[in-house]
Amino acid sequence: MIEIEAKLLRADSAIYATGERVECLIEFTHKVFSDETAASQAGRNANEASQENLAWASAQLHCYRKTSYSTSSGDRAAELTEMIGRTALDAVTQAPGEVIVATKPKILFCDLRLQPGETKMYFFNEFVPRDGPPTYRGHNIRYFYKITIATQRVKSKVQTLAVPIRVLPIPIISRPDELPVTVETNEELAPTNPFLEKREISELEISWHHLKNVTARRAPKFYRISNKRGFVGRFCLFKPAYKLGEDIVGSLDFDPGVNPRKVRCVQFSVKLQQQELSIRPQPVQNHQLQTQSSTSDDVSSINSFDMASIASGVVADNLHKSATSASSRDKEAPEPTGKLSTISTSHQVCYATLQTQVVVPIPLHVTPTFRTDLVDVRWRLHFEFVTTTLMDFGIPNPESGELKAPAEMPVETMVWNLPVTVYAANPLQIYAPNQTFNLLIK
């Protein structure tokens with residue numbers, strides 16, 4: 001009996017970023033039991049009876065996809081075409097789901113012979129593909145990664161051991177050609193040593209540096225919140241991009257200023273929600289054709305003017321009318337919501353409050369913002385405000401000197417959604433201890 005034991009070298013976290021190297025130790029041990037010892041003492045050849053032999057073993061990284069979305073006939077044809085010429089190992093790896101990303105298999109050994117109690121250790125390393133999706137468990141689709149360790153005895157079936165890992169997406173630099181200029185500029189400012197070799201900066205380090213700059217940049221934005229009755233409040237979001245494990249911090253100001261207050265916010269709640277939007281080709285409808293034709297008419301009418309009339313401002317009104325009509329048509333179409341998952345919630349009662357703060361934590365176990373050919377995962381802040389037109393809360397009680405709360409209060413509820421972007425954190429900062437995975441081959 002042979003036992004295969006696999007364990008990742010990163011013991012504190014089985015989480016990796018796209019483009020990062022995955023390292024794994026794989027041990028093959030010949031287990032000896034009392035039955036085998038008795039059989040060897042029965043007169044058989046000890047070397048032939050106790051020696052174990054494996055024909056080959058390989059390891060590679062697979063990304064699987066499980067989805068309830070229907071794929072087109074073209075995709076089915078491509079899948080059938082790719083199935084031609086595949087080996088038996090590929091058929092085995094198709095069991096947990098559809099393989100969408102696979103690295104080249106690395107041969108660990110060929111014709112391995114193990115004596116009783118002998119152990120052989122092998123080292124496997126591979127880069128996580130940059131173009132692959134992150135690990136995601138959604139409503140209608142799932143993405144997950146596994147290191148597949150396959151081995152086979154002579155005249156036996158292929159047996160596999162799967163080691164799951166979690167993958168986080170790292171944004172790719174849009175213009176990597178500008179990076180050497182930045183590196184040279186930084187080196188010019190530092191003291192130079194002619195005897196030191198220049199260290200090459202990897203693409204992953206560049207991506208991490210870019211991610212730190214994006215999430216650390218502060219750009220406060222103010223949003224005025226009002227309903228049909230008047231001003232409700234003003235919300236300030238200090239930055240639009242966050243990393244896993246951070247807190248989304250904002251402030252709410254209910255002071256209307258010099259204008260008289262006509263509506264008051266009684267309470268509000270803020271929910272951090274994850275949106276799962278399906279990306280599927282939709283048939284072209286008649287109103288879409290009419291929209292395209294009217295838009296083309298607007299463009300043709302704009303192009304018919306000469307540059308002199310545009311410079312003199314003659315067509316300014318026409319340009320404004322075209323943009324307004326397009327915006328009105330866009331408002332008629334409802335924005336897709338998709339599948340929603342509420343991750344965290346913050347609730348406050350703020351009837352007599354002029355200013356308060358909002359703190360919504362982002363957990364470490366969720367999936368950041370990403371997009372593939374089938375799904376688009378986004379994040380948003382979902383606000384629910386409960387407002388009232390009752391300005392004086394309660395009636396003065398002359399006996400006790402306190403306010404008597406009203407028995408009934410007319411209220412209205414309004415909702416508001418604010419999109420935010422969530423990026424991945426450093427995998428070393430997320431504590432997720434891995435375990436050892438075993439496989440017994442009898």
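## Helix α6

Helix α6 covers residues 203-216, and its 14 residues should span 20 Å at 1.5 Å a residue; the end C-alpha atoms are 20 Å apart, so the two values agree. The expected span is 1.5 Å times one less than the number of residues. Helices (H or I, at least four residues) and strands (E, at least two) are DSSP runs, numbered from the N terminus.

Within α6, the buried residues are Leu 204, Ile 206, Ser 207, Trp 208, Leu 211, Val 214 and Thr 215. Buried means under 20% relative accessible area, exposed over 50%, and partly exposed in between, with a 1.4 Å probe and protein chains only. An α-helix has 3.6 residues a turn, so residues three or four places apart point the same way.

## Basis and overall fold

This is a predicted model, in which local features need pLDDT of at least 70 and side-chain atom pairs count only at pLDDT 80 or more, while totals for chains, interfaces and linings use all residues. Residues are numbered from 1 along each chain as its sequence is written, and side-chain values use heavy atoms, with hydrogens and water left out.

The protein has nine helices and 23 strands. Of its 442 residues, 36% count as buried. Among contacts with a separation of 6 or more, 78% join residues 24 or more positions apart; contact means heavy atoms within 4.5 Å.

## Ile 165 in strand β10

Strand β10 (residues 158-168) contains Ile 165. This residue is buried because its relative accessible area is 6%. Beyond its neighbours within four places in sequence, Ile 165 is in contact with Leu 8, Ala 14, Tyr 16, Val 22, Leu 61, Thr 135, Tyr 145 and Ile 147. Leu 61 is 104 residues from Ile 165 along the chain, and the C-alpha atoms of the two are separated by 9.8 Å.

## Cysteines

A search of the whole structure finds zero disulfides, a disulfide being a pair of cysteine sulfur atoms within 2.5 Å. Cys 350 is in no disulfide, and the nearest cysteine sulfur, that of Cys 265, is 3.6 Å away. Cys 350 is buried, with a relative accessible area of 1%. Cys 24 also counts as buried, at 0% relative accessibility.

## The cavity

The structure holds one cavity of 30 Å³ or more. A cavity is a set of points, on a 1 Å grid over the protein atoms alone, where a 1.4 Å probe fits but cannot get out; lining residues have an atom within 4 Å of a point. Grid points are joined across faces, edges and corners, and a volume is the space filled by probe spheres set on the points. The largest cavity holds about 50 Å³ of space.

Its lining consists of Phe 231, Val 232, Phe 254, Arg 261, Val 263, Arg 264, Cys 265, Cys 350, Tyr 351 and Thr 353. Strands β12 (230-237) and β15 (264-278) are the elements that give two or more residues to this lining. By class, the lining has seven nonpolar, one polar and two charged residues. Ala, Val, Leu, Ile, Met, Phe, Trp, Tyr, Cys and Pro count as nonpolar, Asp, Glu, Lys and Arg as charged, and the others, Gly among them, as polar.

## Positive phi values

Asp 111, in strand β6 (residues 106-114), has a positive phi near 60 degrees. At 44% relative accessibility, Asp 111 counts as partly exposed.

Lys 155 lies in the loop between β9 (141-152) and β10, and its phi is likewise positive, near 60 degrees. Lys 155 is exposed, with a relative accessible area of 85%.

Key
1 Å grid on protein atoms, 1.4 Å probe; cavity = no way out; pocket = protein on both sides within 12 Å on 5 of 7 lines; lining within 4 Å.
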